[in-house]
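Hi everyone, thanks for coming. I'd like to take a few minutes to walk you through a structure, so please have a look at it while I talk.

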Amino acid sequence: MADWLTVKLLFVGDVVGGLGRRTLTGLLPALREEHEPDFVVANGENAAGGVGITEKTARELLAAGVDAITLGNHAYRHKEVFAYLDSDAPIVRPANYPRSAPGRGHLVVERDGLRLAVVNLSGTLFVEATRSPFPEADAILADLRGKADHLLVDFHAEATSEKVAMGWHLDGRVTACVGTHTHVPTADARVLPGGTAYVSDVGMTGPRGGVIGVKRELALQRFLTMVPVQFETSGEDPWLNAVLIEAGDDGRATSIEQLLRPASS
Ligand SMILES: [Fe+2]
Ligand SMILES: [Fe+2]
């Protein structure tokens with residue numbers, strides 16, 4: 001049972017396409033009843049057709065009960081979303097992208113007097129960013145001082161080394177540092193000694209029957225022939241991959257639990 005001293009954050013891994021959106025929408029009411037999260041944050045970088053996000057798909061996630069949306073390397077896939085990223089909507093793209101690029105990298109959402117800062121950062125190994133995420137995180141935390149009770153960082157990165165390093169860099173300074181982008185959940189969720197909930201990758205909310213979201217026969221064709229293939233999103237075996245983080249009113253995490261659920265359960 002939740003009590004007023006406990007804050008619960010539900011973070012949902014990369015929502016992939018319409019199937020991922022329907023999986024989230026279908027499972028969220030039961031997850032709410034079971035876990036009573038104070039805030040729900042979802043990575044939406046694959047929400048529109050499997051790559052990128054549009055205003056319509058972002059609004060669909062928010063209408064389903066998501067409080068804030070984070071993004072990643074596919075943030076700018078659809079031009080039509082740029083104005084929405086520049087609006088007051090609760091959506092963030094990696095903070096260490098060019099300052100002049102559409103959108104912002106952190107925001108604060110409020111509910112019942114609780115303030116949650118949501119920060120999005122990109123790694124630099126095998127994904128592109130303009131500035132190192134490490135000093136970028138320091139600058140954002142300095143900016144957020146006194147403006148939020150809890151802080152959640154979505155570190156969108158490929159390499160586990162960079163992600164683990166970020167976890168240690170932020171330990172004791174944020175409530176949670178969760179990894180996204182690989183679409184594959186890692187088995188290392190834990191609360192670091194300083195009180196930061198950490199997992200290298202939350203995973204994806206979408207078709208487990210594909211190859212990180214793509215129809216497996218198309219992905220395999222590409223690997224087998226090396227001939228470019230037009231990818232399509234898989235519709236097979238949808239799962240929700242998320243983490244539930246509990247924290248005290250001091251902003252420190254006390255637990256992190258992986259929630260890996262098939263859409264049909
Ligand atoms: Fe993704
Ligand atoms: Fe990504």
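Let me begin with a definition: a residue is called buried when its relative accessible area is under 20%, exposed when that area is over 50%, and partly exposed in between. Take Thr-23, which comes out at 4% and is therefore buried. Thr-23 sits in helix H1, and its contacts beyond four places in sequence are Thr-205, Pro-238, Trp-239, Leu-240 and Ala-263. Please keep in mind that this is a predicted model.

Now for the overall picture. The chain is built from six helices and 14 strands. Its radius of gyration is 17 Å, close to the 18 Å given by the globule rule for 265 residues, so the chain is as compact as a globular protein of that length. The C-alpha trace spans about 55 × 40 × 35 Å along its principal axes. Of the 265 residues, 55% count as buried. If you take contacts between residues at least 6 apart in sequence, 64% of them join residues at least 24 apart. The chain exposes about 11,500 Å², and carbon and sulfur atoms supply 54% of that.

On to the metals. Which residues hold the iron ion (ligand 1)? Its protein donors are Asp-14 through OD, Glu-45 through OE, Asn-46 through OD1 and His-183 through NE2, at 2.0 to 2.2 Å. The four donor atoms subtend angles of 89 to 161 degrees, which makes the arrangement irregular. Along the sequence, these donor residues are spaced D-x30-E-N-x136-H. Asp-14 lies in strand E2 and Asn-46 in the loop between strand E3 and helix H2, so this pair ties together parts that are 32 residues apart in sequence. Both Asp-14 and Asn-46 are buried.

The iron ion (ligand 2) has Glu-45 (OE), Asn-73 (OD1), His-156 (NE2) and His-181 (ND1) as its protein donors, lying 2.1 Å from it. Here the four donor atoms subtend angles of 87 to 146 degrees, and that makes this arrangement irregular too. The spacing along the chain reads E-x27-N-x82-H-x24-H.

You will have spotted Glu-45 in both lists: it bridges the two iron ions, ligand 1 and ligand 2, which lie 3.5 Å apart. Glu-45 lies in the loop between E3 and H2, while Asn-73 is in the loop between strand E4 and H3, so that pair ties together parts 28 residues apart in sequence. Is Glu-45 buried or exposed? Its relative accessible area is 1%, so Glu-45 is buried. Asn-73, at 33%, counts as partly exposed.

Finally, the packing. In soluble globular proteins, nonpolar side chains tend to be buried together. The largest nonpolar core here has 26 residues, and the members touching the most others are Leu-10, Val-12, Leu-24, Ile-53, Leu-61, Ile-69 and Ile-91. E1, H1, E3, H2, H3 and E13 each supply at least two residues of this core, and H1 gives the most, with four. Leu-61 touches, beyond four places in sequence, residues including Val-15, Leu-24, Ile-53 and Ile-69. There is also a second, separate core of 21 residues, with Val-109, Leu-116, Ala-197 and Val-199 among them.

Thr-57 has 6% relative accessibility and so counts as buried. Its contacts beyond four places in sequence are Arg-21, Ala-47 and Ala-48.

Note on methods
Residues numbered from 1 in each chain as written. Chains lettered and ligands numbered in written order. Predicted model: local features only at pLDDT ≥ 70, side-chain atom pairs only at ≥ 80, totals over all residues. Heavy atoms only, no water. Donors = N, O, S within 2.8 Å, 3.2 Å for Na, K, Ca; no water. Tetrahedral: all angles 85-135°; square planar, octahedral: opposite > 155°, others 65-115°. Buried < 20%, exposed > 50% of the residue type's maximum accessible area, 1.4 Å probe, protein only. Contact = heavy atoms within 4.5 Å. Core = buried A, V, L, I, M, F, W, Y, C linked by side-chain atoms within 4.5 Å. Rg over C-alpha atoms; globule rule 2.2 N^0.38 Å. Areas by Shrake-Rupley, 256 points an atom, 1.4 Å probe, with all protein chains shown as cover.
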